[in-house]
Amino acid sequence: MKKVTFLLVGILIFGVSNLVQAQENSHGLRIDIPTHAMVALAGAEDIVFETIEPTLAGGKVTFEQQGNTEIWLNYSSIVSASNKMNDISAQLSSDIEGITIRVEVGEDAEDSKKGKTGTGTMQTLSSGSGATVVTGIGSCFTGTGVEKGHSVKYFVSADENSYADITANDNDITVTYTITER
């Protein structure tokens with residue numbers, strides 16, 4: 001009897017499994033991801049440097065930053081399969097005779113980074129051509145706002161080799177940051 005019951009259960013299971021047949025159906029997905037690169041500055045809008053006159057005859061002028069000087073370089077990037085890297089350069093709108101302007105972009109994008117952020121450097125800026133201040137940017141984002149991305153600091157000094165070219169003047173210049181494919 002047990003053999004017959006077992007045999008009937010086996011036939012029933014085999015018969016039901018033949019009645020229920022799985023069907024397959026599918027469709028494709030297309031996900032378009034374009035390349036893009038965006039750069040922005042967050043924090044202080046204008047940086048003011050005050051001239052400090054020498055206290056003793058024979059000394060040279062120096063410069064000191066005034067007010068809020070906290071600036072952050074934010075960016076996002078999706079690189080192409082053939083390109084794989086972007087860089088950021090900085091350029092002055094005009095040069096000031098006898099004055100050297102340097103920018104220091106923090107080496108790392110701090111804790112806000114996601115993906116392949118670049119490496120910051122210190123560079124002397126001019127109006128002639130952009131100086132590369134961040135290299136090796138892949139597909140990434142730094143986050144937006146202050147304390148996101150790379151910190152930015154400026155240094156202004158009188159150039160001893162062209163000190164004779166310095167003239168008294170109020171100089172307003174612009175620093176432009178550009179992200180480009182490498």
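Visitor: Quick one to start: how exposed is Lys60?

Guide: Lys60 has 35% relative accessibility, so it counts as partly exposed. Keep in mind that this is a predicted model.

Visitor: Okay, and which side chain does Lys60 meet in a salt bridge?

Guide: That would be Glu160, at 3.2 Å from N to O.

Visitor: Is Glu160 buried or exposed?

Guide: Glu160 counts as exposed because its relative accessibility is 60%, and the cut-off for exposed is over 50%.

Visitor: How many salt bridges does a search of the whole structure find?

Guide: It finds 3. One of them joins Asp87 and Arg182, at 3.4 Å. Asp87 is in strand 5 and Arg182 is in the segment after strand 13, so this pair ties together parts 95 residues apart in sequence.

Visitor: Buried or exposed, what are those two?

Guide: Asp87 is buried, with a relative accessible area of 13%. Arg182 is exposed, at 54%.

Visitor: And what about Asp32, which partner does it have in a salt bridge?

Guide: Asp32 pairs with Arg30, at 2.9 Å. Both of these residues are exposed.

Visitor: Changing topic: how many helices and strands are there?

Guide: The chain has 1 helix and 13 strands.

Visitor: What share of the chain is buried?

Guide: Of its 182 residues, 27% count as buried.

How values were computed:
Residues are numbered from 1 along each chain as its sequence is written. This is a predicted model: local features need pLDDT of at least 70, side-chain atom pairs count only at pLDDT 80 or more; totals for chains, interfaces and linings use all residues. Side-chain values use heavy atoms; hydrogens and water are left out. Helices (H or I, at least four residues) and strands (E, at least two) are DSSP runs, numbered from the N terminus. Buried means under 20% relative accessible area, exposed over 50%, partly exposed in between (1.4 Å probe, protein chains only). A salt bridge is a side-chain nitrogen of Lys or Arg within 4 Å of a carboxyl oxygen of Asp or Glu.
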